[in-house]
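Subject: Structure handover

Hi,

My notes on what turned up follow below it.

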Amino acid sequence: MSKRVIYSCITLQKELENTIKKVGFEGEVHYLNVALHSDPQKMHATLQGLIDKNTEADEIIICVSGCGKATCDLQATTCPIAVPRTMDCIDVLLTGSGIKRPDGAIFITKSWMKFMQNSTIDYGKLVKERGQAEAEATLKQLYKGFTDFYIIDTGTYDLAEVEAYIMPLVKLLDGTLTRLPGPYKVLEKLVSGNYDASVIVVPQGGTLSIHEFDGLRPCTIKK
């Protein structure tokens with residue numbers, strides 16, 4: 001039996017675990033440090049280092065999407081790698097929904113809520129540190145131009161909890177909050193190994209590189 005290893009962004013943990021429970025997976029699963037999510041360069045360096053030193057795997061599955069081009073120029077040095085053909089984790093979750101991703105919007109799931117809670121721009125944290133008026137002024141400036149918020153319903157968490165968390169910010173910005181289905185079908189393709197056009201497979205010795213990257217297209221394979 002071939003040895004398959006998954007390296008995943010922590011923001012996809014619930015959805016990946018649910019997928020594994022559904023389709024089965026005999027390999028290893030590792031979650032990356034949450035701090036890497038906001039630093040594409042470090043994410044890239046970390047992923048490349050993991051690929052380079054994992055000499056026992058027959059295939060490495062990277063459940064990290066474009067995310068600031070963090071996966072572009074990754075080299076399949078030790079074995080083939082498989083990567084979702086999506087621009088970021090939001091696209092990973094929305095794949096299979098048939099919904100065109102709204103432009104200029106803020107998306108949230110429970111994993112993203114935890115990420116925000118631990119950040120320096122958490123609403124409650126800012127209020128405690130700076131007071132109500134300054135905190136609200138800071139957030140209005142930070143989110144200037146953003147009024148459309150979307151909760152992605154992946155069926156893996158309590159939507160009401162996330163809605164209660166984000167609603168104060170939505171109200172502050174006079175925004176709207178909408179729920180979108182998130183079937184995350186590309187994770188099923190990655191875990192099962194039944195790849196289609198939603199997955200990029202890079203053969204050993206190949207490189208996942210930018211080719212006429214226009215902000216919408218995924219990376220393409222360069223040999």
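A residue counts as exposed when its relative accessible area is over 50%, as buried when that area is under 20%, and as partly exposed in between. Keep in mind that this is a predicted model.

**Two positive phi angles**

By that cut-off D174 is exposed, because its relative accessibility is 68%. D174 sits in the loop that joins helix 7 to strand 8. Its phi is positive, about 55°, and D174 is not a glycine. Most residues other than glycine have a negative phi.

D73 also has a positive phi, about 75°, and is not a glycine either. D73 belongs to the loop between strand 3 and strand 4. At 39% relative accessibility, D73 falls in the partly exposed class.

C72 is in the loop between strand 3 (59-63) and strand 4 (74-75) too. C72 counts as buried, because its relative accessibility is 5%.

**Helix 7**

Does the length of helix 7 agree with its residue count, or disagree? It agrees: the 14 residues of helix 7 (residues 159-172) should span 20 Å at 1.5 Å a residue, and the end C-alpha atoms are 20 Å apart. There is a kink, though. The helix 7 axis bends by about 40° at I166, shortly before the proline P168.

The buried residues of helix 7 are L159, V162, Y165, I166, L169, V170 and L172. In an α-helix, residues three or four places apart point the same way, because there are 3.6 residues a turn. Several elements cover the buried residues of helix 7. Among the helices are helix 4, helix 5 (123-130) and helix 6 (132-142). Among the strands are strand 6, strand 7 (148-153) and strand 8 (176-181).

L36 lies in the loop that runs between strand 2 (28-31) and helix 2 (40-53). Is L36 buried or exposed? L36 counts as buried, because its relative accessibility is 11%. Setting aside neighbours within four places in sequence, L36 is in contact with K42, M43 and T46. L36 and A70 are 34 residues apart in sequence, and their C-alpha atoms are 9.7 Å apart.

T19 is part of helix 1 (residues 13-23). T19 is buried as well, since its relative accessibility is 4%. Which residues does T19 contact, leaving aside neighbours within four places in sequence? They are G24, Y184, L187, E188 and V191.

Best regards

Conventions
Residues are numbered from 1 along each chain as its sequence is written. This is a predicted model: local features need pLDDT of at least 70, side-chain atom pairs count only at pLDDT 80 or more; totals for chains, interfaces and linings use all residues. Side-chain values use heavy atoms; hydrogens and water are left out. Helices (H or I, at least four residues) and strands (E, at least two) are DSSP runs, numbered from the N terminus. The expected span of a helix is 1.5 Å times one less than its number of residues. The bend at a residue is the angle between axes fitted to the seven residues ending there and the seven starting there. Buried means under 20% relative accessible area, exposed over 50%, partly exposed in between (1.4 Å probe, protein chains only). Contact means heavy atoms within 4.5 Å.
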